[in-house]
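Open the structure in your viewer and keep the selection tool ready. This tour moves from stop to stop, telling you what to select and what is there.

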Amino acid sequence: MGRNLRSTNLLSNLPQLQNLIKRDPRSYEEEFNQQLHHFEASLAIFELKPDEEAKEFGEIINFLSQVARCYPQKSARFPGQLIDLLQKHYPVLNAELRKSIVQALILLRNRGVISNVTVMPLFFTLFRCRDKKLRSMLYSHIVNDVKVANKGKHRDHKLNKSLQSFMYTMVTAADAQDKHGEGAVAAKKSLDVCIELYRKNVWTDAKAVNVIVQACFSPINKIMLTAVQFFLNPLKKSNEGDEDDEDEPTTNGESAGQTKKNRVNFMMIQHQSNINRKTKYRTRVLDKATRIRKREQAKRDGQLPDEEDEDGIVGGKKKGSNGPAVNFDALSLVHDPQSFAEKLFARVHRSATATKRGGSTTDRFEVRLLLLKLISRLIGHHQLQVLAFYPFLQRYLQPHQVDVTQILALLANASHAFTPPDVLQPLIRAVADNFVSDHCAPEVMCAGLNTVRAIAARQPLAVDPDLLNDLVMYRKHKDKGVMMAARSLLVLYRQINPEMLHRRDRGREATMGLISGAPGSTPLGFGEVRAAEGVEGAELLDLPSEDDESMDELEYASALASDLEASDVELEESDAEVDETSDEDEGEDDGLELVSDGSAMSEDESDGSGASEDEGDGSGASEDEDAEPIVNDEGAEPVVKKRVDMMRFLTSEDFARIEKLKRRQRQEGAGRQPKKSKTDDGYSDYSDAEAGSDDEQTGEVDDWAILGDYHSRRRRRKATYEERMDSIRSGREGREKFSSSKAKREKEGRSLSNREKRKTKDFRMISHKRSVVTKGKRKLSQKRRELRQHITKQKKKGF
């Protein structure tokens, strides 16, 4: 009787039976068979009315999923029955029961009872359910399961291929184009899974990227913006929040952290701390709210990057890296970037020109701006030809335009070496007319000059010489930001095409390069590429090193100067021609004065020096880089000396030595004067490393670069008290004669005298003194006499 009672209690107490079966499966096999038959009977009854709550049925499913591993043969049909039940009735199932079935399948998958290929398509189908918690659970499981399946060097290509194909069909399905349909929800979550797996370096192949490309053409803004923001910043953590407001999808791409629930009302907390009693808890709450408020303000000002995620990526940038935050790997994997860019631009153009009266849908300006950013990045990265893109941007080139710095930045990003100059010239003229004029604010002028410089760095032929020389004249502007922007434009053209500048603006090195006909001094034409014939600077390895102990300084200098001997002769001949043909009107600016060794000029005359165009073009062709002729003393035929890079492989030490010798040569060329000296226009002549070292031909231009470092909102953090005191103390050095008497005393190590200390004492401390007592007992005649003596002494001024 007692045994039968215990067995009856076990059948009704499933958690206890589950515990006993896990401990001893053989002893409780009969009880498991009873529960399995009970499940099959309940399943047949449940399929008649699948919309019921069926709480007991969910408990049986949970029990069987926990112990199915103990009886693999008898429970072989159990996972298939759950999958069939979900596939048939998932839209009408009760939310709690559906969640229980999904949890059972996840448990069976984690324990290896079923394969991921069997259950993954079902999970993607369940994304169609209007259940936010269920979608969040499925999202986490899919990402983690695929990540585990592709852990390390092992890649489950069968799973990846099947899932990516399934995602492609879900994103491009007909019901995914309906804003209010269930297919749109499933497409959005599938896209989030694909982006998250790319961010975790699991799916980094071209097929996954092109699935996201198809999502960029979705008519639903939420799906389209998610895909576009991925290409703009692939490493930035995507928004995993799943809003259930499918009727009103967000179009501004705001992050989940900007919701009303997470926003801190700092003013209310501060007011409560003022009126309520001070406690430690309220103080901690106020301090935390203050820190959050300061951090948000710093983010808005650009002083802090985005939040760091779990993989150590901060705002699309790895920790400890100094490179650009933009990752172009995803853009490189696009199959047809030309068609991709043209389709995106067609949508932007259609949305910008459409009217609501005609029944067309118009996107917000923020959405169009994101699409324009992606188009410009595609054009710049793949060097595409979308010629209609540039006239379209001209309507936005106004200082009062919203987000004009971003528009100027994407214009610069869309320029490359194969963009026709006649297409860019109207845009550069519009930027110069609207932004660079005396009636504009300094910030506007700085943005215009930086935009012209960024475009010219990619396509130098887009700026005509007259406009260039007009813009360069702003280097004398009173605003420092404008002056720096104009100087950077001047230094850029001194490097890439000095012939477009006036002779007085070319500088010493550019003028010497034009006269000597050095390699690379002649500008490239449109579409022309200078092919490298060897490692640049490899000929410097033949020179002795500065650290060579067997070579003294005199031998090193003579060996270094022998490399420029041929160019020195040409400099002297060109100098003679310049002296003969110089105009009297130009006066001092036309002369070219050579230094004693003929390798450098003085800085005061470098800006005004330069050869004529005929001299720059016909100054003599440079010798072949692969072979350097050496002339013998007897006048015999020159012996060809092979380059070092043609005889052996260069090591990392060789490249480091080449860079060192290049820097030494630049210092030798400018060694007759300080590194920064005042030129004729009153500003320091920046070296190549300071003003011309921007990687604008390959790097990404953002709105901060357009504003410039001087006028941008990126300010230095506030200095601490110790830093401020150190700055004050360093400023006091060498100014002892201006210091106070107290500082002088402290420096000498002495204190005040007793008489001086008495002046600052309280009266009650000295009221009993004899001098004070007798002073109050003086006669009237004595007081009158002392007053007259005081007046007389004041008239004599102490003498």
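## First stop: a loop residue

Select asparagine 201, which is partly exposed because its relative accessible area is 49% (buried means under 20%, exposed over 50%, partly exposed in between, with a 1.4 Å probe and protein chains only). Asparagine 201 sits in the loop between H10 and helix H11 (206–215). Helices here are DSSP runs of H or I with at least four residues, strands are E runs of at least two, and both are numbered from the N terminus. Check the backbone of asparagine 201: phi is near 60 degrees, a positive value in a residue other than glycine.

A word on the ground rules. This is a predicted model, in which local features need pLDDT of at least 70 and side-chain atom pairs count only at pLDDT 80 or more, while totals for chains, interfaces and linings use all residues. Residues are numbered from 1 along each chain as its sequence is written, and side-chain values use heavy atoms, with hydrogens and water left out.

Now select glutamate 196, arginine 199 and lysine 200. Salt bridges that share partners join Glu196, Arg199 and Lys200 into one network. A salt bridge is a side-chain nitrogen of Lys or Arg within 4 Å of a carboxyl oxygen of Asp or Glu.

Take the links in turn. Between glutamate 196 and arginine 199, the closest N and O atoms are 2.8 Å apart. These two residues are about one helical turn apart, because they are 3 residues apart in helix H10 (residues 182–199). The salt bridge from glutamate 196 to lysine 200 is 3.6 Å, N to O.

## A salt bridge across the chain

The structure holds 15 salt bridges. For another one, select aspartate 131 and arginine 98. Their closest N and O atoms are 3.8 Å apart. This pair links distant parts of the chain, 33 residues apart. Aspartate 131 is in the loop between helix H7 (116–125) and helix H8 (132–149), and arginine 98 is in helix H6 (residues 95–110). Aspartate 131 has 15% relative accessibility, so it counts as buried. Arginine 98 is buried as well, at 7%.

## Stacked rings

Turn to the aromatic side chains. How many aromatic pairs does the structure hold? There are 15. Rings of Phe, Tyr and Trp (its six-membered ring) pair if their centres lie within 6.5 Å; planes under 30 degrees apart count as stacked, over 60 as edge-to-face and the rest as tilted.

Select phenylalanine 39 and phenylalanine 57. Their pair is stacked, with 5.7 Å centre to centre and 0 degrees between the planes. Phenylalanine 39 is in helix H3 (residues 29–46) and phenylalanine 57 in helix H4 (residues 55–67), so the pair ties together parts that are 18 residues apart in sequence. Phenylalanine 39 counts as buried at 0% relative accessibility. Phenylalanine 57 counts as buried at 5%.

## Tilted rings and a cluster

Next, select phenylalanine 365 and tyrosine 396. This aromatic pair is tilted: 5.9 Å centre to centre, 50 degrees between the planes. Phenylalanine 365 is in helix H17 (residues 365–382). Tyrosine 396 lies 31 residues away, in the loop between helix H18 (389–393) and helix H19 (404–413).

Ring pairs link Phe345, Phe365, Phe389, Tyr390, Phe392 and Tyr396 into a cluster.

## Another positive phi

Stay with the loop between H18 and H19, where aspartate 403 lies. Its phi is near 55 degrees, a positive value in a residue other than glycine. Aspartate 403 counts as partly exposed at 32% relative accessibility.

## Last stop: a valine in H9

Finish at valine 171, in helix H9 (residues 157–171). Valine 171 is at 8% relative accessibility, so it counts as buried. Valine 171 and leucine 191 are 20 residues apart in sequence and 7.6 Å apart in space, C-alpha to C-alpha.
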